[in-house]
Amino acid sequence: MKERKVLTRRVGKYEPLDLKAYEASGGLEGLRRALVLKPEEVIEQIKLSGLTGRGGAAFPTGLKWGSAAQEKETPKYFICNADEGELGTFKDKVLLDGAPWAVLEGIVIGAYAIGAQLAYIYVKGEYEETVKLWEKLAAEAQKARLLGTDVLDSEFSLQLQVVKGRGLYIAGEEFALISSLETRRAMSRLKPPYPSQRGLFGKPTVVNNVETIANVPVILAKGAEEYRKLGTKDDPGTRLFSLSGDVKEAGVYEVELGSGTLRELIDEFGKGTTGGRHIKAVQPGGGTSALLAGNSLDCRLTTEAIRKAGSSIGTAGVIVYEQGKSAVGIVRGLMDFYGLESCGRCAPCRIGVVRMKEIVERLSHGKGTTEDLEQLRRIGKACVVASTCGMGQAFPLPVLSALELFPGDFEAAIAKVSV
Amino acid sequence: MKMFNMQTYQNLINEHSPVTPENLFVLIGKIQDTFGYMPTEAVHDLAAKTGVAEARIYGALTSYKDFKLRMEDKG
């Protein structure tokens, strides 16, 4: 299995803010091509490319843009979601820091396509250096006329606001992010209406993940047909996998979708587990994706194959757990985090996440009971079906899958009490 | 971090002028980063400038981990 550097091909090759070097490496070609096309032709290219969202939900990007473009309400807003908060996910930072011009180019193309004159990039607050770099980049872009009035002598004008996140996980959820930009508490909302219909300040808004946006200039420069040569028929393009947990070489690796299996990714790039033990479980799509057992890692790296294996490709944040760890400890770590992050918008998540955190904590202290396991399943399932947003629908998945795959660990944790 | 003073605050406002609901979140972030907290006077002023209710601004300020309403003790 090989890396296939498309989005990351410029990372580390030159000073990230060097616009000349960016142009010399083929940068801005996509934007120039986009600006001579009509907005609807740009959207058509994105639709043809088959690009799907890289932030976890994998929604077709072209459809999202098309829906926002069709709305009559103005102004429209384009938002780059760089509030990368999912556990085990750190790939957006590589692009934000290493190939910022490409991300900016994607933002400008996206805003042009949907007819937005104000764009935002909402950067995770903990990425302080990244925020500073982007503030500098926005100023440089004004000078280079990539932002401002008449972008590159077209009749299109765009302003960019660089926004620093303020330390809330849920602000990465699209509606919570929108609320945040409206100076409200970061809270999710019921859909529909979708943000593309009624988003920021009630206006049509597109929210795209950084990696999704970084694909846009590539598609425009190459053409959708050429782009589709990457990846598989159903899953075109590449993905940046953030590999972490019990592996020797954690890092971000860009590979073509479908080009290998999850096990190959872990073995060949991760160079084996830290303790040299076998793999017990893997979360292939970030901290809220279901666990896969060590013996079901031979699925190909496509959305469909990972779904069939029992989990989801999500943010492509691959977290590896080796043998010797208890599943109770694994879910305890996750619930310690998610237990504090519900926005409180809907009851299942607001109550469920705290109750599940308490039960898992009790289990890990050897104070759990058999009823606790049933209770975990019940609350978890209720959250999955009844929550408003992706967080509530997904955080129980690792717990539910752990109960199914490693019942022995939970029973052992309970048995400790009775002895 | 600087002590709150009206001059520094005014400069921040000027840099982000005109202050609208569209850039309010960015601006309160800058004020927090500059002074280390969000002074009452500033909330009052921003609410008047943007037409956003003070209550809503406080709602946001009290929910994000990074915002403070008082200057932190240096310890």
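Let me begin with one pair of residues, A:Ala281 and A:Tyr321, which stand opposite each other, the latter in β9(A). What we are looking at is a predicted model, in which local features need pLDDT of at least 70 and side-chain atom pairs count only at pLDDT 80 or more, while totals for chains, interfaces and linings use all residues. Residues are numbered from 1 along each chain as its sequence is written, and chains are lettered from A and ligands numbered from 1 in the order in which they are written.

The pair I opened with belongs to strands β7 (residues 279-283) and β9 (residues 317-322) of chain A, which run antiparallel and are joined by four bridges. Strands of a sheet pair through backbone hydrogen bonds, either parallel or antiparallel. Here, five strands of chain A form an open sheet in the order β6-β5-β9-β7-β8, with mixed pairing, where two strands pair if DSSP finds at least two bridges between them. At the edges stand β6 (251-256) and β8 (292-293) of chain A, each with a single partner strand, so one side of each is left without a neighbour in the sheet.

Stepping back to the whole chain, chain A is divided into domain 1 (19-227), domain 2 (238-322) and domain 3 (327-418), with bounds that come from an automatic or database domain assignment. The C-alpha centres of domain 1 and domain 3 of chain A lie 35 Å apart. The contact between them takes 12 residues from domain 1 of chain A and nine residues from domain 3 of chain A, two residues being in contact if their C-beta atoms, placed from the backbone, lie within 7 Å. On the domain 1 side of chain A that touches domain 3 of chain A, there are nine nonpolar, two polar and one charged residues; in this scheme Ala, Val, Leu, Ile, Met, Phe, Trp, Tyr, Cys and Pro count as nonpolar, Asp, Glu, Lys and Arg as charged, and the others, Gly among them, as polar.

Now to the neighbouring chain. How many residues of chain A are in contact with chain B? There are 16 of them, and they meet 18 residues of chain B.

The buried residues of α8(A) pack against β1 (77-82), β2 (118-123), β3 and β4 (205-209) of chain A, together with α2 (21-35) of chain B. After α8(A) comes A:Thr183, whose phi is positive, near 55°.

In the loop between α8 and β4 of chain A we find A:Pro192, and A:Pro193 lies in that loop between α8 and β4 as well. Most residues other than glycine have a negative phi, and most peptide bonds are trans. Yet a cis peptide bond joins A:Lys191 and A:Pro192, with omega about -15°, and a cis peptide bond also joins A:Pro192 and A:Pro193, with omega about 0°.

In α3 (residues 39-49) of chain A, the residues A:Val42, A:Ile43, A:Gln45, A:Ile46 and A:Ser49 are buried, and seen down the axis of α3(A) they fall within an arc of 155°, so they line one face of the helix, the arc being that of the directions from the helix axis to the C-beta atoms. On the other side of α3(A), A:Glu40 and A:Glu41 are exposed. Helix α13 (residues 327-338) of chain A has 12 residues and reaches 17 Å from its first C-alpha to its last, close to the 16 Å expected at 1.5 Å a residue, where the expected span is 1.5 Å times one less than the number of residues.

Notes. Helices (H or I, at least four residues) and strands (E, at least two) are DSSP runs, numbered from the N terminus. A residue is buried if 20 or more other C-beta atoms lie within 10 Å of its own, exposed if 12 or fewer, and partly exposed in between; C-beta atoms are placed from the backbone.
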